[in-house]
Amino acid sequence: MESYSATADSVSPTGGTGENADGHAAPKLNDGPPAIVTAEMVYPFILVTTLFALWGFANDVTNPMVKSFQQIFQLKAWQGNLVQFAFYGGYATMAIPAALVIRKISFKAGIIIGLTLYAIGALLFIPASISQMYWLFLGCFYIITFGLAFLETSANPYILSMGDIRTATRRLNLAQAFNPMGSLAGMFVAAVLVLPNLEVNEFRKEHIDAHPEYKEQGLSAGEIGENVSLAMKSMATNQPEAYAELRSHDLGVIRVPYVAIAIVVLAVLATFLVSKMPHTGHTEEPIELSHTLANLATFKYIGGVIAQGVYVGAQIMCWTNIIEYGMSVVGIDAASAQWYNIGGMVLFLASRFVWTYVLGFVRPGLLLAVLAMGGIVFSLGTVLLPAHVGIISLVCISSCMAAMFPTIYGIALDGLTVDDAKLGSAGLIFAIVGGALMPPLQGLVIDWASKEWGDPTLAVRASFLLPAACFVFVAIYGFLVNQSKEPVAV
């Protein structure tokens with residue numbers, strides 16, 4: 001089977017010259033160490049890499065909105081986590097259709113479609129905030145990720161194809177390193193411009209300050225939070241006009257970052273429309289589905305899809321519910337908890353560059369397994385350690401997660417042709433559905449355990465056993481891939 005490569009068809013894995021579909025000679029591989037990005041690919045590489053930051057912003061400005069919507073609309077934990085169900089459910093719905101479309105057109109066309117859908121979904125926050133209907137916000141998130149599915153299904157294999165096969169995984173890790181920069185921007189916007197300006201958080205602070213007896217009675221942070229929720233429900237019943245005004249104000253605040261990012265997305269869309277991009281994968285040949293499925297029917301690929309799903313589930317649980325942990329276990333407000341999220345993302349970003357360098361010396365499967373073991377240890381620390389130490393342990397999980405997505409992605413697609421990789425990429429993007437399914441499950445655990453045990457603090461702690469279980473599977477996959485004799489491009 002031909003290796004997945006930078007040309008429209010293939011480059012010989014031994015370094016010889018192949019031919020493109022148009023009959024022209026494919027570029028020869030250098031005898032020396034191959035460049036991660038060649039000079040002629042620098043501009044398209046940079047332009048495509050901006051997309052990683054764009055979907056990072058959407059991901060991480062949205063995570064703190066789970067708790068915000070839960071408070072504004074007075075929802076249970078699992079209902080608040082439906083934000084993530086809608087957000088990551090969009091990936092699951094659109095990943096495979098996006099791959100089929102991209103296979104028949106081009107990576108650039110797929111990117112243009114994705115940016116268009118992204119902007120539409122973000123702009124729909126305007127009518128959603130005016131209507132004040134929770135389900136409309138869920139619809140906005142769903143449409144945004146239709147666009148993100150096109151972007152990720154296009155950009156990830158596009159980056160892999162922009163150079164030597166031997167540096168494919170390292171090139172993707174380099175591009176993915178800019179994803180947390182967008183994530184940091186989203187987190188910063190949430191921490192500085194959104195959460196401190198939500199009146200629901202001011203209501204919480206004023207209620208706690210007015211009831212010093214909570215601390216005198218030794219109530220846990222979770223129990224205090226329940227009392228705040230009861231007070232908010234009482235306000236909705238006895239002061240409906242004041243509650244409606246509060247909700248209108250807060251939904252208007254939440255709308256702002258999404259409208260702003262829509263403008264940025266439209267600017268990037270205009271740039272792609274006028275830019276000439278390399279043609280590294282379009283085909284007129286019909287899809288041979290049975291042949292492609294046969295090529296994908298390997299442990300490396302199928303195991304990679306499952307590993308990607310549980311990894312993304314673990315990531316979204318940790319980053320979404322760090323605010324819940326801060327409020328219910330540590331006893332801090334949402335804005336303060338969001339700064340721990342930002343700390344985790346800074347660590348994630350720094351670690352991404354470190355692990356990309358380490359991949360030059362360590363097999364991807366081994367690195368993946370070791371990082372997953374670290375994720376298990378820190379997840380258990382979140383459950384068992386004292387509150388302030390536990391939230392630091394939760395932050396440290398981000399370092400272990402930093403290289404997981406691109407490393408699993410590169411391992412799973414290694415050795416595939418461009419066309420097979422396009423459909424294979426869809427399966428890996430579909431696996432992001434783990435981020436849709438796992439957070440509501442964690443919310444259900446929190447709701448159930450709070451009711452059964454009578455202590456929301458203990459319930460939130462216990463819910464982080466779910467990410468630990470996810471990392472167990474990722475570690476097993478990494479170890480098994482590492483033991484295989486088949487080489488993996490780094």
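Trp339 is in contact with Phe188, Ala191 and Val192, leaving aside its neighbours within four places in sequence. Contact means heavy atoms within 4.5 Å. Trp339 lies in helix α17. Helices (H or I, at least four residues) and strands (E, at least two) are DSSP runs, numbered from the N terminus. Trp339 and Phe188 are 151 residues apart in sequence, yet 8.1 Å apart in space, C-alpha to C-alpha.

This is a predicted model, in which local features need pLDDT of at least 70 and side-chain atom pairs count only at pLDDT 80 or more, while totals for chains, interfaces and linings use all residues. Residues are numbered from 1 along each chain as its sequence is written, and side-chain values use heavy atoms, with hydrogens and water left out.

Start with the whole chain. The protein chain has 24 helices and zero strands. Of its 490 residues, 59% are buried. Buried means under 20% relative accessible area, exposed means over 50%, and partly exposed lies in between (1.4 Å probe, protein chains only). Take the contacts between residues at least 6 apart in sequence: 83% of them join residues at least 24 apart.

Now the aromatic rings. A pair of aromatic rings is described by the distance of the centres and the angle of the planes. Rings of Phe, Tyr and Trp (its six-membered ring) pair if their centres lie within 6.5 Å; planes under 30 degrees apart count as stacked, over 60 as edge-to-face and the rest as tilted. By this rule the count comes to 23 aromatic pairs. One of them joins Phe69 and Phe141, edge-to-face, at 6.2 Å centre to centre with 85° between the planes. This pair links distant parts of the chain: Phe69 sits in helix α2 (residues 65–72), Phe141 in helix α7 (residues 134–160), 72 residues apart. Phe69 and Phe141 are both buried.

Phe188 and Trp339 form another pair. Their ring centres are 6.1 Å apart and their planes stand at 85°, so the pair is edge-to-face. It too links distant parts of the chain, with Phe188 in helix α9 (residues 179–194) and Trp339 in helix α17 (residues 334–358). Phe188 is partly exposed, because its relative accessible area is 45%. Trp339 is partly exposed as well, at 41%.

Ring pairs also build a cluster. Its members are Phe69, Phe73, Phe87, Tyr88, Tyr91, Phe125, Tyr134, Phe137, Phe141 and Tyr258.

Gln74 is found in the loop between α2 and α3. Its phi is near 55°, a positive value in a residue other than glycine. Gln74 counts as buried because its relative accessibility is 19%. Gln132 lies in the loop between α6 (125–131) and α7. Phi of Gln132 is near 60°, again a positive value in a residue other than glycine. At 18% relative accessibility, Gln132 counts as buried.

Next, a helix pair. The axes of helix α16 (residues 322–330) and helix α19 (residues 387–401) come within 10 Å and cross at roughly 170°. Therefore α16 is roughly antiparallel to α19. Axes are lines fitted to C-alpha atoms, for helices over the stretch in contact, and angles run from 0 to 180 degrees between N-to-C directions. Angles under 35 degrees count as roughly parallel, over 145 as roughly antiparallel, 65 to 115 as roughly perpendicular and the rest as oblique. From α16, Ile322, Tyr325, Gly326, Val329 and Val330 meet Ala387, His388, Gly390, Ile391, Leu394 and Val395 in α19. By class, this contact has eight nonpolar, three polar and no charged residues. Ala, Val, Leu, Ile, Met, Phe, Trp, Tyr, Cys and Pro count as nonpolar, Asp, Glu, Lys and Arg as charged, and the others, Gly among them, as polar.

Helix α22 (residues 434–453) has 20 residues. From its first C-alpha to its last it reaches 27 Å, close to the 28 Å expected at 1.5 Å a residue. The expected span is 1.5 Å times one less than the number of residues. Its buried residues include Gly434, Met438, Gln442, Ile446 and Ser450. The buried residues of α22 pack against α3 (77–80), α4 (82–104), α15 (299–320), α16, α23 (456–463) and α24 (465–483). Just after α22, Gly454 takes a positive phi of about 70°.

End in helix α24, the place of Leu480. Leu480 is partly exposed, with a relative accessible area of 41%. The C-alpha atoms of Leu480 and Gly365 are separated by 7.6 Å, though 115 residues apart along the chain.
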